[in-house]
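Subject: Handover of a structure

Hello,

I am passing this structure on to you, with notes on what was found in it. Please look it over before reading further.

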Amino acid sequence: MNGAVAFAQALGVSELVIGLTIVAAGTSLPEVATSILATIRGERDIAVGNVVGSNIFNILAVSGCRGSWPGRPPVSGALVTFDIPVMIAVAVACLPIFASGATIARWEGALFLFFYVAYTAYLVLAAQQHDALPAFSAVMEAFVLPLTAVTLGVVGWRAWRRPAA
């Protein structure tokens with residue numbers, strides 16, 4: 001992981017982008033491996049609990065420790081205004097999917113994979129202050145996010161209307 005961080009820094013990638021992509025992926029691999037093994041063994045509740053618990057812990061405990069550390073460096077404005085709201089929105093978006101029958105359909109998994117790729121693309125474009133960033137942001141805000149909100153709303157409504165088994 002140190003080599004990947006050094007390589008990214010040599011390319012001029014900001015520490016925020018490195019932390020939100022390379023370091024996050026490296027530290028999430030144990031949770032991913034545990035969740036995959038639990039799913040293969042038919043323990044889907046453990047897989048979902050592991051992912052949700054890890055994300056809640058990362059958002060609340062790590063952020064809380066960071067915020068209470070004396071003499072801490074200032075937090076990036078982009079982290080407060082964009083990255084943390086995105087993390088919270090993704091966590092909330094998982095709720096109707098988890099309520100839709102204890103399984104995650106391929107299209108739901110593909111939706112979240114698409115969002116991860118789009119989020120990473122946004123981070124790279126923003127770090128490089130690329131000319132395509134305003135157009136990319138406009139497409140995400142005007143088309144992709146509303147369509148996803150409607151889709152997740154329908155999934156949640158169907159799960160709510162489904163009779164208990």
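In which helix does I36 lie? I36 lies in helix α2, residues 15-40. Helices here are DSSP runs of H or I with at least four residues, strands are runs of E with at least two, and both are numbered from the N terminus.

This is a predicted model, in which local features need pLDDT of at least 70 and side-chain atom pairs count only at pLDDT 80 or more, while totals for chains, interfaces and linings use all residues. Residues are numbered from 1 along each chain as its sequence is written, and side-chain values use heavy atoms, with hydrogens and water left out.

The chain as a whole

The chain has 6 helices and 0 strands. Of its 165 residues, 20% are buried (buried means under 20% relative accessible area, exposed over 50%, partly exposed in between, with a 1.4 Å probe and protein chains only). The chain exposes about 11300 Å², and carbon and sulfur atoms supply 70% of that area (Shrake-Rupley method, 1.4 Å probe; for residues, only the protein chains shown count as cover). Taking contacts (heavy atoms within 4.5 Å) between residues at least 6 apart in sequence, 52% join residues at least 24 apart.

Around I36

With a relative accessible area of 47%, I36 is partly exposed. I36 also belongs to a nonpolar surface patch with L29, V32, L37 and I40, and together these residues have about 490 Å² of accessible area. Patches take residues with over 30% relative accessible area and no salt bridge, joining like charges within 9 Å and nonpolar side chains (Val, Leu, Ile, Met, Phe, Trp, Tyr) within 5 Å. A salt bridge is a side-chain nitrogen of Lys or Arg within 4 Å of a carboxyl oxygen of Asp or Glu.

Helix α5

Q129, which follows α5, has a positive phi near 50°.

Helix α6

Helix α6 has 29 residues, 133-161; it should span 42 Å, and its end C-alpha atoms are 40 Å apart, which agrees. α6 bends by about 35° at M140, the bend being the angle between axes fitted to the seven residues ending there and the seven starting there. M140 is buried, and so are V144 and L152, among others in α6. G153, also in α6, counts as partly exposed at 42% relative accessibility. G153 and P96 are 57 residues apart in sequence and 7.5 Å apart in space, C-alpha to C-alpha.

Regards

Technical notes. The expected span of a helix is 1.5 Å times one less than its number of residues.
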